[in-house]
Amino acid sequence: MEELTPRALAASELIVAVFRANGALIAAGDDLARPAGLTSARWQVLGVVDTEARTVADVARLMGLRRQSVQQTADALVREGLAEYRDNPRHRRAKLIAPTPAGLRALAEVERRHAAWADALAARLDPAAVDAARVLLDTLSAAIEQETPHDR
């Protein structure tokens, strides 16, 4: 196995911490969303289309996910009556996904629970550290997009 440089080791440790945080966030999101009959993934998709119907590809791009996984989530939301597909005036084949009234009610329930949870979480964190972490994560995301693993 090749030795990591100190900067590569630091970046790798950051990536592992992000993976760990992501897992914790998905679990917390599932707990927040479950009473409304949602999962983290369904909550996220509804949250992206709550004010504007979008194509599945647009939702995937905004969320940084693969189109296929968003398509599966969107199809599940439609099957459960929480979202619907609409004709897209700009593209005949790429339908728009939009929440139904039931989807908006479920989303509102989750967002109420999320607001209380996020406030309690934020009370345990230093606001300056939160801002610095957000900037770092945005920078990390941009760097990852420019330095894809298959380039090496």
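Visitor: Where is the place of Leu-25?

Guide: Good starting point! In this predicted model, Leu-25 sits in helix 1.

Visitor: Is Leu-25 buried or exposed?

Guide: Here the idea is to compare the relative accessible area with a cut-off: exposed means over 50%. Leu-25 has a relative accessible area of 52%, so Leu-25 is exposed.

Visitor: How many residues line the largest pocket, and which lie nearest its centre?

Guide: The lining has 48 residues, and Leu-25 turns up again: nearest the centre are Val-18, Asn-22, Leu-25, Leu-137 and Ser-141. Helix 1 provides the largest share of this lining, with 14 residues.

Visitor: How do the residues of that lining divide into nonpolar, polar and charged?

Guide: To read a lining, sort its residues by class. For the largest pocket you get 33 nonpolar, eleven polar and four charged residues.

Visitor: And which residues line the second largest pocket?

Guide: That pocket, with a volume of about 180 Å³, is lined by Leu-4, Thr-5, Arg-7, Ala-8, Ala-11 and Ser-12. Sorted by class, they give three nonpolar, two polar and one charged.

Terms used
Residues numbered from 1 in each chain as written. Predicted model: local features only at pLDDT ≥ 70, side-chain atom pairs only at ≥ 80, totals over all residues. Heavy atoms only, no water. 1 Å grid on protein atoms, 1.4 Å probe; cavity = no way out; pocket = protein on both sides within 12 Å on 5 of 7 lines; lining within 4 Å. Helix = DSSP H or I, 4+ residues; strand = E, 2+ residues; numbered from the N terminus. Nonpolar A, V, L, I, M, F, W, Y, C, P; charged D, E, K, R; others polar. Points joined across faces, edges and corners; volume = space filled by probe spheres on them. Buried < 20%, exposed > 50% of the residue type's maximum accessible area, 1.4 Å probe, protein only.
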